[in-house]
Amino acid sequence: MTGEEKFQVDLEGYLVIKNVLTDDEVAEMNDIIDTGERQGPPSLWGEPFKRLIDHPKILPYLLELLGPHVRLDHDYAIFMEEGPQINGLHGGEDGGGPGGPEADHWYKYRDGIMRNGLSVMAYNLADAPEGAGGFACIPGSHKSNFLREIPAEVRRFERPAHYVVQPPIKAGDVVFFTEALVHGTMPWKAKHQRRSLLYKYSPGHSAWAGYYYDISKYGDLTEQQKRMLLPPSIGSRPRVVEES
């Protein structure tokens, strides 16, 4: 990561990483989505999707932001058509409490090092221009002490607020954000389908999802991918990923 990228993540809690996927990679995955059998999470949809687990342009960010031991916690896709879907703002550290639904949503900084709990790499397979909707967030809210004061109508996108932003994103870009950031999905207003693949990572010792991956379903994996699909070093929940 560059110094400016570190500044942006620390300041805003998210980062748009440009041109991670080539046009050919985006086209290949879109073709599979249009014509292929899709069973389970995206990481099981074929080799192009499996490669996203530890994409070489993304892995350095994960190691910088989550630490030297990173595991894929869970992954899923968001496909949206034009229309008034209901999906408000959520996330943030406030209100989780020990063992609560947001207990693994945190951001810390100390002695020049950033660390995050559950975090997201959202691979975008379609453009999301300004005003199109889709991913939205409140920049800087990963460090806010007043999250409970966000009005309900703002959380539901019923009232515009200047502090809620929808960053423009191109196909091939990846959005990193920490789950400690207040974020959500605005109604999709573009004529084309929104396509986003969310690969969510945790530090190696922790887990958020209620299931683990069954690596026997993945065929050939690199040693690095095997490590990133392992259960956490603390915990004893079943090691199986649910079919979606």
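**View 1. Strand β9 and its two antiparallel neighbours.** Met121 stands opposite Tyr199 in β9, and Tyr199 is also the bridge partner of Asp75. Six bridges join β5 to β9, and these two strands run antiparallel; β2 and β9 are likewise antiparallel and are joined by 10 bridges. Two strands are taken to pair if DSSP finds at least two bridges between them, and the elements themselves are DSSP runs numbered from the N terminus, namely helices (H or I, at least four residues) and strands (E, at least two). The model is predicted, so that local features need pLDDT of at least 70 and side-chain atom pairs count only at pLDDT 80 or more, whereas totals for chains, interfaces and linings use all residues. Residues are numbered from 1 along each chain as its sequence is written, and side-chain values use heavy atoms, with hydrogens and water left out.

View 2. Because 10 of the 10 residues of β9 are buried, the strand is largely enclosed by the rest of the structure.

**View 3. The nonpolar cores.** The largest nonpolar core has 36 residues, and those with the most contacts inside it are Leu62, Met121, Tyr123, Leu197, Tyr199 and Tyr201. Among the elements that give two or more residues to this core are β1 (14–17), β2 (70–80), β5 (119–124), β7 (174–178) and β9 (194–203). The largest share of this core, five residues, comes from α4. A second, separate core of 16 residues includes Ala122, Ala128, Ala132 and Leu181. A nonpolar core is a set of buried Ala, Val, Leu, Ile, Met, Phe, Trp, Tyr and Cys residues joined through side-chain atoms within 4.5 Å.

**View 4. Helix α2 and its buried side.** α2 has 13 residues and reaches 18 Å from its first C-alpha to its last, close to the 18 Å expected at 1.5 Å a residue, where the expected span is 1.5 Å times one less than the number of residues. The buried residues of α2 are Val26, Met29, Asn30 and Ile33. They cover an arc of only 100 degrees around the axis, which puts them on the same side of α2; the arc is that of the directions from the helix axis to the C-beta atoms. Asp24 and Thr35 are exposed on the other side of α2. The buried residues of α2 pack against α3 (47–50), β2 and β9.

**View 5. The surroundings of Thr178.** Thr178 is found in strand β7 and counts as buried at 1% relative accessibility. Its side chain makes a polar contact with the side chain of Asn116 (3.3 Å), a polar contact being a pair of N or O atoms within 3.5 Å; within protein, one must be able to donate a hydrogen and the other to accept it, and residues adjacent in sequence count only if both atoms are side-chain atoms. Not counting residues up to four places away in sequence, Thr178 touches Gly13, Trp106, Asn116, Leu118, Ser119 and His142, contact meaning heavy atoms within 4.5 Å.

Key: Buried < 20%, exposed > 50% of the residue type's maximum accessible area, 1.4 Å probe, protein only.
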